[in-house]
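Visitor: Could you take me through one part of this model at close range, and then show me what else is worth a look? I would enjoy a connected tour.

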Amino acid sequence: MPMRNGMNKHFLVTVSNDYEHLTGEEFICSLFKQLSEHQITLLHISRLDATNMNKALMKMWDKPEDGVTGPLTVGARKALEMSRSLLSKSNMSVDQMITKTFPERYGKINDILREGATGLYDAIVLGKRASYTLQWVFERPAEETAKAIIQDRTLNSPLWICPEPEQGRKHVLIGVDGSEGSLRAVDHVGYILSRQDQHTVTLLHVENGAGLDTDLIFQKSTRILHGHRVADERIRLDTTWGLNVASTITGYAEKSGFAAIAVGLKGVAQGILKRMNLAGGTTAGLIGRAEKISLWCCP
């Protein structure tokens, strides 16, 4: 788990050559209220041996960049400049901004996970506007990228998969079933939103005939939120019925205009993600459904 100081959060934000669609940065700017203080590390991993990339993007920028080590393509330089500008001009206060860039070493997914494991980050933020955007960065479809990161056992920081944010979306929905994984998701959301009183937290339990103790699930989850000073007036409790848990949760979140859905990756046999089969083929469907909602996956 990341080291916590109660106020400043530290986010690892991946930056691609696609400087027109900085969805991860845009989501962070939209989530936090004015004067929230955070640390941001911008991470760009370049694949310089690609032969099919546009020659203009492959042209290297000769001028040294302040605080940047490693080679930069023209596209990457523009993306990093726009990322820094966007974050600097946002309502939240960026306490410290670090830029890291290096050529691909062990494959982009492994490189991101290695950096995430060494940096004590509170979340790894992965932009997702559409499949072609991530395919440009990782040269594989968006669903496969997220699935590969989630399945990797070295993932130890929550992963935020962020589509282009939609104006007016607020609040976070957590799928809960009392498992260890879902309680870790509750803990993560409580920590991130502890001082963000503009957002409510909805605990949603999907009934599907498993016979779980809903009251006990809500008690455990609410206790964790209280530990992060999330007051009762910011907590909503709800249950609904649905055999397809992933579809039920995303449908509920979409209808209610939530900004994010949080779920746990590890749980008991009846854990919510076990029923979703998130480690299997349902991953693409879950990520694909949340077209306007950020998905927070908590290991």
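**A strand and its neighbours**

Guide: Let's start with a pairing: Phe 11 stands opposite Ala 123 in strand S4. Please keep in mind throughout that this is a predicted model. Phe 11 is one of the residues of strand S1 that point one way, together with Lys 9 and Val 13. His 10, Leu 12 and Thr 14 point the other way, and the residues of both sets are buried. Because six of the six residues of S1 (residues 9-14) are buried, the strand is largely enclosed by the rest of the structure.

Which strands does S1 pair with? On one side of the account is S4 (residues 123-127), which runs parallel to S1 and is joined to it by three bridges. Strand S2 (residues 37-46) is also parallel to S1, with six bridges between them. Thr 14, for instance, has Leu 43 of S2 as its bridge partner.

From this strand we can move on to a helix. Helix H9 covers residues 245-256. Its twelve residues, at 1.5 Å a residue, should span 16 Å, and the end C-alpha atoms lie 17 Å apart, so the two values agree. The buried residues of H9 are Val 245, Ala 246, Thr 248, Ile 249, Thr 250 and Ala 253. Just after H9 comes Gly 257, with a positive phi of about 75°.

Positive phi values also turn up in residues other than glycine. His 171 has a phi near 75°, and this residue is found in strand S6 (residues 170-175). With a relative accessibility of 23%, His 171 counts as partly exposed. Arg 229 is not a glycine either, yet its phi is positive, at about 65°. Its setting is the loop between helix H8 (214-227) and strand S8 (235-241). Arg 229 is exposed, with a relative accessible area of 74%.

Next, a look at the second largest pocket, which holds about 230 Å³ of space. It is lined by 15 residues, and the closest to its centre are Ser 30, Pro 165, Glu 166, Gln 167 and Arg 169. Which helix gives the most to this lining? Helix H1 (residues 23-31) does, with three residues. Sorted by class, the lining of this pocket has six nonpolar, five polar and four charged residues.

Let's finish with the cysteines. A disulfide is a covalent bond between the sulfur atoms of two cysteines. How many disulfides does the model have? The count comes to zero.

Note on methods:
Residues are numbered from 1 along each chain as its sequence is written. This is a predicted model: local features need pLDDT of at least 70, side-chain atom pairs count only at pLDDT 80 or more; totals for chains, interfaces and linings use all residues. Side-chain values use heavy atoms; hydrogens and water are left out. On a 1 Å grid over the protein atoms alone, a cavity is a set of points where a 1.4 Å probe fits but cannot get out, and a pocket is an open set with protein on both sides within 12 Å along at least five of seven lines; lining residues have an atom within 4 Å of a point. Grid points are joined across faces, edges and corners, and a volume is the space filled by probe spheres set on the points. Helices (H or I, at least four residues) and strands (E, at least two) are DSSP runs, numbered from the N terminus. Ala, Val, Leu, Ile, Met, Phe, Trp, Tyr, Cys and Pro count as nonpolar, Asp, Glu, Lys and Arg as charged, and the others, Gly among them, as polar. A disulfide is a pair of cysteine sulfur atoms within 2.5 Å. Buried means under 20% relative accessible area, exposed over 50%, partly exposed in between (1.4 Å probe, protein chains only). The expected span of a helix is 1.5 Å times one less than its number of residues. Two strands pair if DSSP finds at least two bridges between them.
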